[in-house]
Amino acid sequence: MPVTPVVEMRGITKVFPLVVANDQVDLEVYPGEILGLLGENGAGKSVLMSILYGLLQPTSGEIRIDGKAVEFDSAHDAIAQGIGMVHQHFMLVPPLTVVENIVLGAEPQRSGGRLDMETAARQVAELSQKHGLEVDLQAKVEDIPVGMAQRVEILKAIYRRARVLVLDEPTAVLTPQEVEGLYSIMRSLADAGVPVIFITHKLHELIGVCDRITVMRRGKVIGSVDTADATPPLLAEMMVGREVILQIDKSPAEPTDTVLTVDSLTIDAADRDLTLLDGISFEVKAGEIVGVAGIAGNGQDELLDALSGLRSPTSGTISLRGTDITATDRRQRIRSGISMIPQDRQREGLILSFTIADNIVLGEHRTTRFSSRLKRKFEAISAYARKLMEAFDVRANDETVLVSNLSGGNQQKVVVAREMSRDTKLLIAAQPTRGVDVGAIEFIHRNIVDMRDQGAAVLLVSTELDEVMQLSDRILVLFRGRIIGEVAGADASLETVGLWMAGHREVAT
Amino acid sequence: MELLGAILSTATIAAMIRSATPLTLAAMGGIFSERGGVINIALEGIMLTGAFTAVLFSTIGASIGLPAGASAMLGVAAAVIFGLAIALIHAYFSITLRVNQLVSGVAINMLAFGITGLLLQLIFNVTGNSPAAPDMKPMPIPFLADIPVLGPILFQHQPIVYVMFLAVPFSAFLIKSTPYGLRLRAAGDKPAAIDTVGVDVHRIRYIGVGLSGVFAGLAGAYLSLGQLNFFSEGMTSGRGFIALAAVIFGNWRPWQAFGAALLFGFSDAVQIALQNAGMSVPSDFLLMAPYVVTLIALAGFIKKAVPPAAIGQPYPAEEPI
Amino acid sequence: MSEIHGSSINNLNGDVSESRLPPGIVHIGRSLVALAFAFAVGAVVMLIIGRNPIEAYSALITSSVGDKFSFGETLENTTPLIFTGLTLTMGFQARLFNLGAEGQLLMGALTAAYVGVSFSAPAPIHVAVALLAGAIVGGLWSGIAGILLAFRGVHEVISTIMLNFVAFFFINYMVTGPMKEVTELDIPQTARIAKSAMLPRIFLPSRLSAGFIVALFTAVAVWWLVMKTPLGYELRAVGRNPDAARQAGIRPRRITVLVMVLSGSIAGLGGAVIMTGLFQRYQQGLNPGFGFTAIAVALLGRNTIPGVILAAFLFGVLAQGARGMQTIADVPTDTILMIQALVIFFVSTPHLLSLFRRRKAAVAAEAEV
């Protein structure tokens with residue numbers, strides 16, 4: 001007799017004005033299992049889960065819980081039917097305590113409509129013990145570490161008697177230890193009768209944790225496989241539709257002069273007693289690409305801010321071609337030839353309500369080429385923008401189009417075009433291909449290599465290990481604010497670097 | 001020395017309570033609105049509306065033959081209802097229509113000023129001051145009122161003052177100890193957090209803004225029927241903004257805002273005492289004191305005032321498709 | 001950095017214009033629709049109170065632009081609104097909400113009165129110094145809010161409101177104390193400024209002064225600054241995305257302070273203009289509300305410079321025509337205030353027309369069921 005799935009989604013289609021985000025998607029979760037939902041950014045995973053959680057309504061299709069059809073008009077309905085969700089960005093209220101956050105919206109009450117926080121604390125403590133979800137009940141959420149915040153989110157769902165738990169990219173913010181802890185929590189939940197849907201775009205994570213893996217691509221389900229039958233190449237092919245490891249064609253590096261020297265760079269947190277970057281030293285030479293690998297949150301943000309001049313280090317020095325530039329600010333560093341592709345283009349790289357032309361000259365807008373003191377040189381700006389749009393294949397009618405109207409890939413190309421067309425001595429590329437399509441990835445990678453071949457020093461900071469492996473001539477691995485290992489790009493193996501990223505190494509030096 | 005005696009007399013302290021009453025009430029209202037994430041610079045206009053409708057309905061009460069006390073009560077009830085109505089306009093524009101909350105607040109203030117002036121002229125056929133209406137009479141509390149010193153300071157006031165005394169613990173209780181309060185705080189700090197657990201953010205915010213209308217309307221009634229017995233054009237003269245200052249100075253917490261209102265009320269009472277003593281010059285500086293103190297507090301030189309994180313932001317942040 | 005721009009303005013006009021000048025048809029259309037709504041509601045109110053809206057509105061027009069004198073007076077009313085409207089618009093371009101235009105204007109006016117009374121100089125120099133001093137003081141006053149925002153994270157709306165009141169009481173103190181004219185009548189006002197500090201009247205018999213020309217020049221200057229100069233580019237960049245601006249080497253704190261100072265100096269100049277051109281002495285209780293009307297002006301003008309000038313003129317017409325409306329059609333002047341408030345509501349409501357369409361559609365859908 002077949003087992004009835006706890007949750008079944010049948011023929012889910014969601015059409016937005018310009019895109020079909022989900023196209024006839026089928027998905028089922030069985031009791032006791034951990035289901036991996038794999039797909040690239042934009043494959044439709046999040047939309048599908050938003051539909052399951054009642055935040056979006058499907059254009060067509062059906063959701064069944066325990067075999068019974070249900071309809072969700074809001075998250076409220078979905079919660080009532082036992083759907084629990086831990087969002088990628090935590091939905092917690094920072095100034096409230098852990099208990100308050102957990103019971104919010106379903107608060108136990110005493111007579112007279114008063115909150116009953118004692119009961120709440122007792123109930124939460126029970127749940128927390130039962131599932132090994134260790135939290136500090138009375139701490140304010142703003143004071144707790146990320147890993148605990150995630151456990152709070154899980155407790156929030158279980159407190160609402162979730163019968164299935166959806167975890168959206170849960171590992172992105174965790175340290176390896178916390179990831180291991182999370183996996184055992186997931187297993188314990190599944191065994192206790194709460195199946196888990198584990199959403200990720202990192203295929204390596206799924207094997208070993210999940211029982212079954214469903215892969216999505218371009219809004220469709222490509223297929224489901226049992227983990228026992230799954231191998232990374234197979235999953236990768238399902239995910240991107242072709243052999244994934246596109247080996248970029250590049251000649252060996254010919255490094256010359258040292259461009260960037262970082263010496264004993266240390267950054268302490270401003271508000272906590274915590275060292276975020278712990279005395280790291282390295283060099284980048286002209287004509288080489290140095291990749292910095294690591295799981296997000298291991299000091300990359302601080303390193304990038306320090307190098308771009310947005311944050312002064314607690315100690316240590318940064319030199320450019322032998323000149324100490326530690327004390328200079330962002331403006332001076334742009335002038336001295338440091339270009340920067342920031343990790344979040346929409347937040348740091350672009351002004352969305354400006355035109356392409358105005359974005360192309362951002363940072364150089366005061367140079368004599370584009371402006372006099374009292375008037376900007378609009379013709380020069382337009383001509384330059386058109387030239388770069390052509391060279392970098394930015395697809396838009398003309399340079400007066402607002403950047404907000406461009407696709408993600410084209411937006412990123414605007415940033416890349418701007419930063420790569422300067423007289424650049426050092427290019428810092430942070431997550432240069434995040435959230436862009438495969439074609440744009442290849443294009444951007446090609447340009448980074450060309451940049452190197454023209455004699456620029458390139459520092460690539462990326463949490464995508466594949467990207468670091470493909471592009472780098474040397475690889476540094478950041479772990480907890482330290483460089484835990486260094487290896488030549490040609491000698492690096494996925495396994496070694498992966499282990500270093502997870503902290504599995506006697507700390508070097 | 002004599003001057004100091006006059007300033008710190010029982011009468012001045014009682015005057016402080018009276019000056020602090022409308023400020024406290026409006027501040028409690030401001031807290032409900034702002035803790036939920038809706039900036040309320042419309043307090044001024046809501047108070048003005050309350051002040052006018054109180055006089056209007058008190059007059060109506062008298063004209064249909066109600067006794068003076070009942071007429072005044074009718075006026076107060078009307079002030080609360082109209083205060084609520086005006087606040088709901090603010091709520092509709094800033095929550096539902098997602099109009100900038102500051103812009104909506106400014107427009108409400110202008111509207112209240114215009115409409116009260118217009119109606120004053122149309123109904124009472126005067127400009128400036130309305131005719132006298134039945135006002136609120138002091139209601140000394142038996143026994144307590146006779147306690148020396150404390151009696152005159154605390155227990156010989158109009159009923160609205162006693163309401164104010166109750167409003168502070170009530171507000172603190174509602175915000176701190178009830179599910180609604182918890183949700184309100186969440187709505188002001190991270191509305192998405194309660195939306196994703198299935199609580200209607202708009203509903204929570206509407207109630208908060210509505211409460212601000214109730215309290216500010218009552219504050220207005222106190223100005224016209226409590227302190228005086230007539231309406232005068234623009235009679236709030238910035239008290240709504242002082243109440244807002246008390247909210248901020250009180251770090252968006254009821255007891256602290258009450259403390260701020262008392263402080264501001266004190267500076268007002270001293271100013272009046274000084275003026276009565278024939279010293280007019282420093283009064284301007286005492287009058288500006290609440291604003292200066294609030295600026296200093298905001299700048300973090302006393303203690304940093306931290307507004308709710310999502311204040312001023314419509315929800316959801318992006319316009320729905 | 002995001003902290004200091006935690007105060008940045010959301011959903012103003014739905015969008016703060018990407019002002020391509022002249023403003024797009026859409027903007028004009030939206031403003032006209034909002035105006036039509038406001039006047040329609042005004043007409044309904046008049047009908048309810050038993051007045052004739054047609055009579056009222058025609059009285060409004062004839063008594064504001066019907067003859068040379070009224071037209072000049074209307075332009076005189078328009079002048080300070082151009083200044084304060086520009087003040088708001090300048091701030092909006094950097095997503096700063098300068099609610100302190102009123103206080104900045106009055107501080108400028110007081111300063112000009114001080115210069116006009118206390119110094120003597122040949123005519124063009126004296127008046128120029130008075131205007132300049134007014135602009136400087138207005139800028140400094142507003143700069144306090146800029147510094148509090150940039151370095152202490154104080155929301156500029158709150159600080160400018162507070163500064164308004166501080167200004168009112170400070171001015172009251174000055175006018176009743178140190179700067180009071182010594183006469184037997186004991187009137188709380190300053191002495192009349194020197195002839196050399198007065199702006200010439202340019203459209204007799206009305207009181208329109210050369211300040212109107214100054215206003216137009218200022219408008220052109222602000223337009224140039226915002227749209228053409230690299231500084232204007234930077235302030236728009238900071239307003240739209242302070243993080244990206246910082247990444248591009250722009251210093252948001254500096255820009256924030258600079259924008260507040262510049263916008264306040266425009267209001268201060270406006271105050272100096274009405275002092276040297278119209279009032280000629282500071283009387284206690286001067287509280288014309290130009291700073292608050294300016295919000296309506298800036299919103300209706302969609303934060304574009306030509307839009308601000310047109311909107312300022314419209315509100316100049318309302319201010320001037322209100323008295324005519326009262327005497328001829330017996331409609332109280334406060335009606336104008338109400339219409340002004342309605343303009344603000346309607347012009348800032350996104351999709352005003354579609355709102356009604358949507359409701360109609362909903363009603364229709366219900367009817368079908």
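In this predicted model, a helix pair of chain C is joined by a set of residue contacts in which C:Ala101, C:Gln104, C:Leu105, C:Leu106, C:Met107, C:Gly108, C:Ala109, C:Thr111, C:Ala112, C:Ala113 and C:Gly116 of α4(C) meet C:Gly264, C:Ala267, C:Gly268, C:Leu269, C:Gly270, C:Gly271, C:Ala272, C:Ile274, C:Met275 and C:Thr276 of α10(C). Sorted by class, the residues of this contact between α4(C) and α10(C) comprise 12 nonpolar and 9 polar ones, with no charged residues.

Helix α4 of chain C spans residues 101-118 and helix α10 of chain C spans residues 252-279, and their axes come within 6 Å of one another while crossing at roughly 50 degrees. Because of that angle, α4(C) counts as oblique to α10(C). The crossing of α4(C) and α10(C) is right-handed.

Turning to chain A, its secondary structure consists of 16 helices and 20 strands. Along the principal axes, the C-alpha atoms of chain A fill a box of roughly 70 × 50 × 50 Å.

| Property of chain A | Value |
|---|---|
| Buried residues, out of 509 residues | 47% |
| Contacts between residues 24 or more positions apart, out of contacts with a separation of 6 or more | 67% |

Definitions and conventions: Residues numbered from 1 in each chain as written. Chains lettered and ligands numbered in written order. Predicted model: local features only at pLDDT ≥ 70, side-chain atom pairs only at ≥ 80, totals over all residues. Helix = DSSP H or I, 4+ residues; strand = E, 2+ residues; numbered from the N terminus. Buried ≥ 20, exposed ≤ 12 C-beta atoms within 10 Å, placed from the backbone. Contact = placed C-beta atoms within 7 Å. Axes fitted to C-alpha atoms, helices over the stretch in contact; angles between N-to-C directions. Parallel < 35°, antiparallel > 145°, perpendicular 65-115°, else oblique. Left-handed = near helix turned anticlockwise from the far one by under 90°. Nonpolar A, V, L, I, M, F, W, Y, C, P; charged D, E, K, R; others polar.
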